[in-house]
Amino acid sequence: MAADADRPVAIVTGAARGLGLATAERLMEAGYAACVLDVHERLMAEHAEREARDSDRFMAVLASVTDPDAIAGVVERVVERWGRVDVLVNNAGLNRRGGILDHTLDDWNAVLAVNLTGSFICSAAVAPVMRDGSEAGRQPSGVIVNIGSTAGGAQGEGSIAYATTKGGLHVFTKVLAHELGPHGIRVNAIAPGATLTEWVRRNLSATLDESAAATPLRRLGEPEDVANAIAFLASDEARHITGQVLSVSGGGWMP
């Protein structure tokens, strides 16, 4: 275990790049140790080099959120190294565009497995650790932040599976907040709008100007905008906030 046992610890899924990596970096700036996990082997190999340099504050694990045994192993490794888990960010996500006329059942099941079932698996793995820490009086108490989407609350054009799972994740957030609140664990969700990750720049470049013009703030989000919102929800400044879905969309979705 690291010498600084009072340092809070975060696990961020889908964190090889994009929103997940920006979130891990932001939480580390706030004083956290961070475990990042992802299924992208090449990118995670690069992060492994960082772990070798900064093992007391950073851990990189190649694992899928759809594998309960792998996730249980990740949580065990985190507790073994740092003695605690204070924050879980369920960021891992999959999007296969298409509607019911062209989606296959395999498409549907793949998106459901990562976006919704994966969030359940990770939350179930960390909840007992957070509960035990909270009941022992450790501060901060546990926090789970789910990454939903404006697609889960608006029309959800583009992907019936993606929009449905993100809407389900918003409901999952509220149900889990009720269940875990008595144990001192807060659960909230972020609903990003179009955000300028590498994937968005590469795959949606033709529609970026149109998407920006559709928001009241007339710009798209940056990964740091989402990361800052997550850092706030994880902080003691948000200690009386649970069961909420916070839109980080430049006003593109106002629930």
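Residue T165 belongs to helix α5, which covers residues 160-180; here helices are DSSP runs of H or I with at least four residues and strands are runs of E with at least two, numbered from the N terminus. The structure is a predicted model, in which local features need pLDDT of at least 70 and side-chain atom pairs count only at pLDDT 80 or more, whereas totals for chains, interfaces and linings use all residues. Residues are numbered from 1 along each chain as its sequence is written, and side-chain values use heavy atoms, with hydrogens and water left out. T165 has a relative accessible area of 3% and is therefore buried, given that buried means under 20% relative accessible area, exposed over 50% and partly exposed in between, with a 1.4 Å probe and protein chains only. When its neighbours within four places in sequence are set aside, T165 is in contact (heavy atoms within 4.5 Å) with V111, L112, N115 and L116.

Two further helices were examined for their span, the expected value being 1.5 Å times one less than the number of residues. Helix α1, made up of the 12 residues 18-29, should span 16 Å at 1.5 Å a residue, and the distance of 17 Å between its end C-alpha atoms agrees with this. Within α1, the buried residues are L19, G20, A22, T23, A24, L27 and M28, and the helix is followed by G31, whose phi is positive, near 105 degrees. Helix α8 (residues 223-234) likewise has 12 residues, and its reach of 17 Å from first to last C-alpha is close to the expected 16 Å. The residues of α8 that are buried are P223, V226, A227, A229, I230, A231, L233 and A234, and these pack against α1 as well as β4 (87-90), β5 (143-147), β6 (186-192) and β7 (245-248).

Side chains of opposite charge can pair when their charged atoms come close. With a salt bridge taken as a side-chain nitrogen of Lys or Arg within 4 Å of a carboxyl oxygen of Asp or Glu, the count comes to 8. One of them joins E46 and R42 at 3.4 Å from N to O; both residues lie in helix α2 (residues 41-53), 4 residues apart, or about one turn of the helix. E46 is partly exposed, with a relative accessible area of 43%, while R42, at 58%, is exposed. In another, the side chains of R84 and D86 meet at 2.8 Å, N to O, and both R84 and D86 are buried. A salt bridge is also formed by R131 with D132, whose closest N and O atoms are 3.2 Å apart; R131 is partly exposed at a relative accessible area of 32%, as is D132 at 44%.

A cavity is a set of points, on a 1 Å grid over the protein atoms alone, where a 1.4 Å probe fits but cannot get out, and its lining residues have an atom within 4 Å of a point. Grid points are joined across faces, edges and corners, and the volume is the space filled by probe spheres set on the points. The search of the whole structure finds 1 cavity of 30 Å³ or more, and the largest cavity holds about 30 Å³ of space. Its lining consists of I11, L37, I71, V74, V75, L88, C122 and V126. Helices α3 (68-82) and α4 (105-135) each supply at least two of the lining residues, and α3 gives the most, with 3 residues. The lining divides into 8 nonpolar residues, with no polar and no charged ones, where Ala, Val, Leu, Ile, Met, Phe, Trp, Tyr, Cys and Pro count as nonpolar, Asp, Glu, Lys and Arg as charged, and the others, Gly among them, as polar.

Key: On a 1 Å grid over the protein atoms alone, a cavity is a set of points where a 1.4 Å probe fits but cannot get out, and a pocket is an open set with protein on both sides within 12 Å along at least five of seven lines; lining residues have an atom within 4 Å of a point.
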